Amino acid sequence: MTGWTAEVGPLGALAPEARRRLDAFAVNRVPKGSVLFQPGDAVQGYVIVLEGRIAVNLVGATGRDILLYDVTPGKSCIQSTLGLLGGEDYSAEAVAQTDARIVLLPKEAFLDLLGNSPEFRAMVFAAFAERMQSLMQVLERVAFQKVEARLAAYILAQADATGQVSMTQQDLARAIGSAREVVSRRLDAMARSGLVAVERGKLKVLDAGALKRMSESMSV
């Protein structure tokens, strides 16, 4: 019988015994909006996402938050990896953005596989390195790009084939590391210039070329 490891490409390289061990852990269904962890929580295990999207946000003292990264199938949660390897508690918050299916690999099993399975170790550290690179890109954008540039780039990245972006202004603000009020003003300006059409909870790209130029030409 095929287990859940068949759904995770990199796990296909593991030895059969390691895959059987992993397949013994249950798949959990997580409803949209569920909080998986919060700052100060102890790390319980290594999260493997099979389906859905988990947003990991850094929350400031004022309550404002910024999206650090999304955990989707095949991607890792750097917060979990750091906690398991270094013993630190979570410093961010993880919220299910969609209904999701996940597996929580307990700390003892994670560390045992890390030490005894070269294939598992390679998978974990490759995912860790990729995630670190994406975090560096987040820091670079927030530090060196103006809000308009970050917003334009993110809108283009999230738009579907028809140019639609189904996100609230609060979600957009969180994703680019700004405040909702600031994003609202920038969207109003973009709409007046004919770049986007803004509706409640969504927007539509009208001039992708202009947005691309905006995303590339404006730096702090």
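Me: In what order do the four strands of the open sheet with antiparallel pairing stand?
Reply: This is a predicted model, in which local features need pLDDT of at least 70 and side-chain atom pairs count only at pLDDT 80 or more, while totals for chains, interfaces and linings use all residues. Residues are numbered from 1 along each chain as its sequence is written, and side-chain values use heavy atoms, with hydrogens and water left out. Strands are DSSP runs of E with at least two residues, helices are runs of H or I with at least four, and both are numbered from the N terminus. Taking two strands as paired if DSSP finds at least two bridges between them, the four form an antiparallel open sheet in the order 2-6-4-5.

Me: What does the twist from one strand to the next average in that sheet?
Reply: Strand 2 (35-37) and strand 5 (65-71) are the edge strands, each pairing on one side only. With axes fitted to C-alpha atoms (for helices over the stretch in contact) and angles running from 0 to 180 degrees between N-to-C directions, the twist from strand to strand averages 30°.

Me: Which residue in strand 6 is the bridge partner of Phe37?
Reply: Strand 2 and strand 6 (residues 93-96) run antiparallel and are joined by two bridges. Within strand 6, the residue bridged to Phe37 is Ala94.

Me: Which strands stand at the edges of the sheet, each with a single partner strand?
Reply: A second open sheet has three strands in the order 1-7-3, again with antiparallel pairing. Two of its strands each have a single partner, so one side of each is left without a neighbour in the sheet, and these are strand 1 (28-30) and strand 3 (45-51).

Me: Which residue in strand 7 does Gly45 stand opposite?
Reply: Strand 3 pairs with strand 7 (residues 100-106) in the antiparallel sense over six bridges. Opposite Gly45, the residue in strand 7 is Pro106.

Me: Is helix 1 roughly parallel or antiparallel to helix 3?
Reply: Helix 1 (residues 16-23) and helix 3 (residues 107-116) pack at about 170°, with their axes 12 Å apart. Angles under 35 degrees count as roughly parallel, over 145 as roughly antiparallel, 65 to 115 as roughly perpendicular and the rest as oblique. The packing angle therefore makes helix 1, relative to helix 3, roughly antiparallel.

Me: Which residues in helix 3 do Ala18, Arg21 and Leu22 meet?
Reply: Contact means heavy atoms within 4.5 Å. From helix 1, Ala18, Arg21 and Leu22 meet three residues in helix 3, namely Ala109, Asp112 and Leu113.

Me: Which element gives the largest share of the lining of the largest pocket?
Reply: On a 1 Å grid over the protein atoms alone, a pocket is an open set of points with protein on both sides within 12 Å along at least five of seven lines, a cavity is a set where a 1.4 Å probe fits but cannot get out, and lining residues have an atom within 4 Å of a point. The largest pocket is lined by 37 residues, with Arg53, Leu67, Asp70, Tyr154 and Gln158 nearest its centre. The largest share of this lining, eight residues, comes from helix 4.

Me: How much space lies in the largest cavity?
Reply: The structure holds one cavity of 30 Å³ or more, and the residues lining the largest cavity are Leu36, Phe37, Val47, Ile54, Val71, Cys77 and Ala94. With grid points joined across faces, edges and corners, and volume taken as the space filled by probe spheres set on them, the largest cavity holds about 40 Å³.
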